[in-house]
Structure formats: C-alpha cells, structure tokens
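This report covers a ligand site and the charged pairs of one protein model. The sequence and structure come next.

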Amino acid sequence: MKITRISLFAQDQPFRDGTYTCSGGRSAEGFESSIAKIETDAGITGWGEMAPLGSFYDPAFVGGARAGLAELAPALIGQDPAQVDAINQRMDLLLNGHPYAKAALDMACWDIKAKQAGIPLAEALGGRFGDRMALYRSVPQAAPEAMALRAKKYIAEGYRRLQVKVGLEVKDDIARMEAVLDAVPTGTVIFADANAAWRQQQALEFLRATRDLDYVLEQPCASYEANLAVRAHCDRPLVLDETIDGLSSFMRAWSDRLIDGITIKVTRVGGITKAKLIRDAAAGLGIGVTIEDTGGAEINTAVTAHLMLSTPESVRQHTCDFYNWVTSRHTRPGFADKAFDARGGSMTAPRGKGLGIEVEETALGVPFFAV
Ligand code: 0XW
Ligand code: MG
C-alpha cells in the first residue's frame with residue numbers, strides 16, 4: 001500500500017460555552033484546527049487532526065502546525081502508511097522537533113492501518129478494555145460564583161469529574177476550589193489544575209490551606225525541580241501534564257517518584273505512535289493515565305477515545321469529549337452523538353474500522369495544501 005495524495009484542511013471550532021480562560025489570564029475563543037486526509041492506492045483513506053489551544057498553552061501554534069504539515073506531506077507520498085514506525089522515523093529525520101506538526105499525519109496513518117486490518121483503532125493499539133471511559137470537563141477561571149455555576153451546569157449535563165482551573169493568587173484559588181466543591185454533589189472527582197502557573201511557594205501554600213479538601217493536584221509548577229519540591233509536601237495524588245512531553249520526561253518523573261498519574265497530550269508528544277509508547281510504559285508501571293489533547297473535534301476525540309479504550313481500566317483516569325466543547329462539526333449531523341454516545345459522564349469509542357469517523361468533507365472547505 002502506498003500514499004498517493006495528502007490534503008490539508010483548516011477548520012475554526014468556536015467554543016460552545018464562550019471564552020476559555022486558564023492561569024495568567026491566558027484565553028481562547030475556540031480551537032483553530034488543522035486536519036490531514038491521506039489517500040492510498042488501496043482505496044483506503046485516513047484522517048488526523050491537530051488543534052493547539054491558542055499559542056499560549058503548549059510550545060505549539062496553528063501557523064507552526066500548518067507549515068510543518070505542508071513541509072512533511074510531500075515526503076510521505078509513495079510511503080506505506082501501515083508502517084507507522086518507519087513513517088515516524090522518516091518525519092523525525094526530515095524535521096527536527098515540532099512533534100505537534102507531525103501528529104495529524106501519524107494519526108491518519110494509524111486510521112489507515114486499522115482500516116486495512118478491518119478493526120477499530122483501539123484493537124490495533126492492543127485491544128479494548130471494557131466499553132466506556134470517564135469524561136471530565138474543565139471549569140475555566142472566573143470569579144468563584146461563576147465557576148460554581150459552571151460546575152453545576154456540567155454536573156447537570158452528566159459529568160462526574162471536573163477540572164478546576166487554579167494557578168492565580170492562592171487565596172483566590174482557594175475561594176474557587178471551595179465554591180466549586182460546595183456546588184457539586186459528594187463523590188464528584190475534582191482535579192485542581194494550575195497549568196504550571198504557580199511558583200513553588202504558592203503551590204505549597206495552596207496545599208497547606210486545602211489540606212481538608214478532596215482533590216487531585218495537576219501540574220502545579222512549570223519547572224521540573226519545583227514540582228519535585230512540591231511532591232515532597234503533597235500527600236494527595238499528583239498528576240503531571242505539561243511536563244510530560246515524551247518518553248524521557250515520563251521516565252524521569254517516574255524514577256524520581258514524582259507522579260501518581262500523567263496526562264498524555266497526543267499532539268504534544270507527536271502522535272499516536274509516541275503516545276502509545278508512553279501509555280504502555282505508564283500502564284506497565286502502574287501510573288495513572290489520561291490521554292487527551294490540546295484541542296480538536298470528532299477526529300481528535302476519536303483518537304484519544306481509542307487510545308483510552310485500549311488502556312487498562314486499572315490505570316485509566318479520564319479524557320475529554322472535545323467535539324462537545326465546540327459548535328462546529330466535520331461529520332454529518334447526529335453522527336458524533338451516536339458514535340461516542342457521551343452521557344452520564346462517560347463515552348465510548350466509535351465502533352467502525354480505524355477511527356470509526358466518517359468525515360463530511362464539505363464541512364472543511366477547500367484544502368489549504370494538497371500534494
Ligand atoms: C483542558 N485541556 C485539555 C484543554 C486545553 O487544551 C488545555 C487542556 C488542559 O489540560 O489544561
Ligand atoms: Mg492539564
């Protein structure tokens with residue numbers, strides 16, 4: 001099988017619930033997504049999707065993703081997409097770094113590989129564990145009362161796990177946490193995510209003041225050393241997200257006993273091939289695993305869903321139903337609701353072959369690049 005054509009599309013994906021704000025007042029109105037379509041001489045087509053959160057969240061931005069995709073696409077024509085390791089090696093040889101720019105191409109190759117085998121992607125990634133996975137919803141930064149209202153809305157929609165965005169002044173963060181915890185039913189799982197914005201001292205102050213609250217701490221500080229220092233004083237589960245940018249940062253954090261869980265952002269680490277490597281190591285070592293991404297819609301949600309479904313339930317944390325975060329669609333009306341069946345705070349992975357996503361190409365307009 002050979003790649004015969006690659007088309008790249010852009011899609012604006014506005015947030016359903018308005019502006020998304022996280023620490024430091026960093027905000028976005030939606031995702032700017034880049035979508036890759038790979039066609040083959042076997043008549044099998046694959047899809048992949050990369051959407052950064054603005055240019056502030058990760059070392060990734062929409063212009064970089066599109067330039068990188070257009071740089072790499074011509075070099076994949078004639079290659080066998082089912083040889084995903086060789087495809088990744090080729091992309092790494094041709095473009096040093098920029099993992100997020102490679103991710104959508106790697107995803108499209110996995111979609112094709114699983115379709116060729118006639119199985120859903122989760123089965124190509126090792127096999128399914130159970131049928132459904134837990135979802136969480138982020139409660140973006142706002143005044144405590146507004147965050148409590150937003151939390152209630154998400155509970156009413158069925159979510160049972162919330163990620164409270166902290167990472168500002170500690171006393172305000174404490175007020176936010178208390179307001180949200182007061183507003184939600186007992187048993188709601190709460191992650192306090194500082195998105196790497198606290199100084200070490202602030203994280204320690206927050207931990208001291210919230211000793212009696214029940215929550216998981218996510219990515220308190222930016223620097224590795226500061227997180228390590230916080231760990232020494234943290235008697236609750238600690239999850240790292242922004243720090244985990246590849247296998248070596250994961251292995252380092254594991255050997256330093258820094259982490260109880262990790263968040264693997266598929267495009268941050270460079271795609272499904274590399275996410276699977278970290279996932280398998282984490283699962284083997286008994287570390288909690290969230291697989292999600294920086295943004296996207298149905299294609300991206302399917303990628304994370306298949307990776308999550310093929311992660312043992314004993315280490316599986318939660319993921320995002322990103323297609324429900326945005327108002328745009330790239331599948332026909334009703335398709336996503338049926339395919340993901342998101343309800344009661346959980347969802348499944350599409351059951352069709354590969355990603356199980358039937359893309360409505362008319363929703364994507366004219367490609368910004370094709371080869
Ligand atoms: C909540 N997210 C998954 C969505 C945004 O891309 C950022 C990210 C996070 O972990 O903060
Ligand atoms: Mg996070």
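## Ligand site and salt bridges

The shell around ligand 1 has seven nonpolar, four polar and six charged residues. Here Ala, Val, Leu, Ile, Met, Phe, Trp, Tyr, Cys and Pro count as nonpolar, Asp, Glu, Lys and Arg as charged, and the others, Gly among them, as polar. This is a predicted model: local features need pLDDT of at least 70, side-chain atom pairs count only at pLDDT 80 or more, and totals for chains, interfaces and linings use all residues. Side-chain values use heavy atoms, without hydrogens and water.

Around ligand 1 there are 17 residues (a heavy atom within 4 Å). Lys 165, Asn 195, Asp 241, Lys 265 and Thr 294 come nearest.

Taken alone, ligand 1 exposes 300 Å² (Shrake-Rupley method, 1.4 Å probe). The protein buries 100% of that. The space taken by ligand 1 is the largest cavity, a cavity being a set of points on a 1 Å grid over the protein atoms alone where a 1.4 Å probe fits but cannot get out.

The model has 27 salt bridges (a Lys or Arg side-chain nitrogen within 4 Å of an Asp or Glu carboxyl oxygen). Among them, Arg 176 pairs with Asp 173, with the closest N and O atoms 3.0 Å apart. Lys 153 pairs with Glu 157 at 3.2 Å between the closest N and O atoms.

Methods:
Residues are numbered from 1 along each chain as its sequence is written. Chains are lettered from A and ligands numbered from 1 in the order in which they are written. On a 1 Å grid over the protein atoms alone, a cavity is a set of points where a 1.4 Å probe fits but cannot get out, and a pocket is an open set with protein on both sides within 12 Å along at least five of seven lines; lining residues have an atom within 4 Å of a point. A molecule sits in a cavity or pocket if more than half of its atoms lie within 2 Å of its grid points.
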